[in-house]
Number of protein chains: 2
Amino acid sequence: MKPENKPVTEGDKLFPCSCQAVGGVLSRIGDKWSVLVVMLLADGPKRFSELKRAIGTVSQRMLTLTLRGLERDGLVTRTVTPSIPPRVDYELTELGHSLCGPVRGIGDWAFDNHARIEAAQRAFDARQEDAA
Amino acid sequence: MKPENKPVTEGDKLFPCSCQAVGGVLSRIGDKWSVLVVMLLADGPKRFSELKRAIGTVSQRMLTLTLRGLERDGLVTRTVTPSIPPRVDYELTELGHSLCGPVRGIGDWAFDNHARIEAAQRAFDARQEDAA
DNA sequence: CTGTATCCCGGTTGATACTG
DNA sequence: CAGTATCAACCGGGATACAG
């Protein structure tokens, strides 16, 4: 059922199904905060202010937007406790947890290779300066 | 050396090192075309026009920009054959190939779960309409 | 504490035209 | 064929103020 791994192409056209699927997921995990939030929720539920403090540099607006997006995608649940002051907890769904593995794969790759990437960038930039 | 997997946090602060690393990589693979290009190059070198046709909806400008970025990061090599008309081939480096595994992890997850995501979105949107 | 509503800036993208 | 230049449009995202 799954279009098998290697051939992303068939003739000259992309597989529309897998491409759109990947594209959609990528635009979510590619945004500035989603992955961070998912990783923070990986080890248990957290409330809004905890997330905000943990990330530190996120605006209230963007955190709300991010959480709404994740909730809409079925990756997190939102639980309101109507006390005073109100309390809202966010928790990864099973689907959300299942995303952690693949994301960690990227994260580990990034950690293992960022030095090489930065070296490549410096080398590239140096070559550019020579040209100029 | 690698900050071990589960605790993304320590006290209340994020690990700066792994976060920046992941963030940098994510902003690359999170952009609209990089992953697509990497996957297309996974099974062998391709020339500029092949990539352009394969993707179809990418502008010439963005494909050039994407390829430059990947080249700068050391993920692809650019080989110019100064013929008339000129010919330029792009190929994944070893580093580029090593990224394919993790990316495929995300891709497989996306493929396996996009139906559930879309269902969750529809359910969420339906709930919103009720509120209105 | 949590969330919404505005305003606004800057980067990213696409369209188009031009060059080697 | 491959790439650059320019311009305009769009959209993410921050700051701020306000509300429940």
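**The surface around DNA strand C**

Modeller: Of the 19 residues around DNA strand C, those that come nearest are F48(A), S49(A) and R78(A), together with R61(B) and M62(B). The model is a predicted one.

Several individual contacts may now be described. In chain A, an N or O atom in the side chain of R68(A) is 3.4 Å from a phosphate oxygen of DNA strand C. In chain B, R61(B) has a polar side-chain atom 3.0 Å from a base nitrogen of DNA strand C.

Turning to the elements involved, two or more residues are given to this surface by each of α3 (48-55), α4 (60-72) and β5 (87-92) of chain A, and by α4 (60-72) of chain B. The greatest contribution comes from α4(A), with 4 residues. By class, the surface near DNA strand C consists of 8 nonpolar, 6 charged and 5 polar residues.

The strand β5(A) also has a partner within its own chain. It pairs with β4(A), residues 76-81, in the antiparallel sense over 6 bridges. Within this pairing, L92(A) of β5(A) stands opposite V76(A). The two strands, β4(A) and β5(A), form a hairpin, with 5 residues between them.

Conventions:
Residues numbered from 1 in each chain as written. Chains lettered and ligands numbered in written order. Predicted model: local features only at pLDDT ≥ 70, side-chain atom pairs only at ≥ 80, totals over all residues. Heavy atoms only, no water. Near = heavy atom within 4 Å. Polar contact = N/O pair within 3.5 Å; in protein donor to acceptor, adjacent residues only side chain to side chain. Nonpolar A, V, L, I, M, F, W, Y, C, P; charged D, E, K, R; others polar. Pairing = 2+ DSSP bridges.
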